[in-house]
Amino acid sequence: MLVLVAPGQGAQTPGFLTPWLELPGAADRVAAWSDAIELDLAHYGTAADADAIRDTAVAQPLLVAAGLLSASALGSPAAFGAVAGHSVGEITAAAYAGVLSEADALSFVRTRGLGMAEAAAVTETGMAAVLGGDRDVVVAHLEKLGLTPANINGAGQIVAAGTMEQIAALEADKPEGSMKVVALKVAGAFHTHHMAPAVATLEKAAEALAPADPTLKYVSNKDGLVVATGADVVARLVGQVANPVRWDLCMETFAELGVTGIIELSPGGTLTGLAKRALKGVPSVALKTPDDLDKAAALIAELTA
């Protein structure tokens with residue numbers, strides 16, 4: 001079974017959207033999305049620097065737009081048995097699974113990004129990845145420092161979130177058995193109580209949505225469960241911003257479902273990297289540029305023959 005995955009915030013790099021805009025019709029689609037959400041996606045995806053696209057209100061719509069463009073280039077969703085997204089990537093996944101229209105996905109993620117940016121501005125917060133170490137030992141150490149294990153990604157990676165003072169304390173005193181602590185290119189302590197104000201904002205935005213039930217198995221990063229209804233998907237998207245991401249449980253579900261291949265949407269690399277360590281032997285393709293589409297097509301053809 002092929003699984004499609006969509007990356008979350010921090011995967012963006014300056015100019016990463018440039019080659020995708022060269023695909024037929026892509027520039028027009030991005031221009032229409034930009035007008036609809038009042039954000040120049042083409043500018044931020046091609047000409048803006050790292051600091052500009054680190055802004056939560058910019059990064060999130062940009063990632064969903066890139067995910068939707070690369071997903072369209074793959075063709076019909078019928079080749080895939082399941083879909084999942086990491087953090088904001090869940091919105092891309094929801095659109096690919098038919099839960100949300102592209103217009104609704106872009107509108108919702110724009111509201112999400114603005115709401116989380118506003119919440120992040122209340123207190124100076126951040127996130128850092130802890131690489132290596134026993135999961136229970138790492139989690140206990142983070143909690144001792146007042147940090148939240150905001151992303152339990154599996155494959156020896158846990159992302160801590162909290163105030164910048166708490167992050168600095170972690171960098172000075174890493175958990176026993178861990179190799180290193182790496183600060184992430186994000187602008188707040190996402191998936192923690194610091195994001196609670198954004199939940200209320202999204203609850204209101206969700207009232208305008210008319211979600212359909214997913215056409216693919218939709219694996220939620222809240223708990224790794226397969227979600228059957230569109231209403232449940234949206235409810236999870238709302239609460240997700242203040243709850244930890246359990247990507248480790250998503251990968252366990254992929255294994256239980258019989259995953260035979262993984263394709264990661266643009267800007268790919270992060271989730272396929274985790275899969276190579278946690279789902280050994282499962283072939284994967286990360287869509288970094290349109291040049292990777294041929295490799296993805298070959299994997300799809302091989303696994304659906």
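Residues are numbered from 1 along each chain as its sequence is written, and side-chain values rest on heavy atoms, with hydrogens and water left out. Because the model is predicted, local features require pLDDT of at least 70 and side-chain atom pairs pLDDT 80 or more, whereas totals for chains, interfaces and linings use all residues.

The UniProt record, in an unreviewed entry, lists residues 5–303 as "domain: Malonyl-CoA:ACP transacylase (MAT)"; such annotations may be inferred rather than shown by experiment. This span is 47% helix and 14% strand, and its end C-alpha atoms lie 16 Å apart. Helices (H or I, at least four residues) and strands (E, at least two) are DSSP runs numbered from the N terminus.

The largest pocket has a volume of about 630 Å³. Of its 32 lining residues, Gln-9, Gly-10, Ala-11, Leu-184 and Thr-270 are the closest to the centre. A pocket is an open set of points on a 1 Å grid over the protein atoms alone, where a 1.4 Å probe fits, with protein on both sides within 12 Å along at least five of seven lines; lining residues have an atom within 4 Å of a point. Elements that each supply at least two lining residues include helix 6 (102–120), strand 4 (148–154) and helix 12 (270–278). The lining divides into 15 nonpolar, 14 polar and 3 charged residues, with Gly counted as polar and Asp, Glu, Lys and Arg as charged.

Asp-248 lies in helix 11 (residues 247–257) and counts as buried because its relative accessibility is 7% (buried, under 20% relative accessible area; exposed, over 50%; 1.4 Å probe, protein chains only). Beyond four places in sequence, Asp-248 touches (heavy atoms within 4.5 Å) Arg-135, Ile-152, Asn-153 and Gly-154.

Most residues other than glycine have a negative phi, and most peptide bonds are trans. Glu-38, between helix 1 and helix 2, has a positive phi of about 60° and is exposed at 69% relative accessibility. His-191, with phi near 65°, is buried at 2%. The Ser-266 to Pro-267 peptide bond is cis, with omega near -5°.

Terms used:
Points joined across faces, edges and corners; volume = space filled by probe spheres on them.
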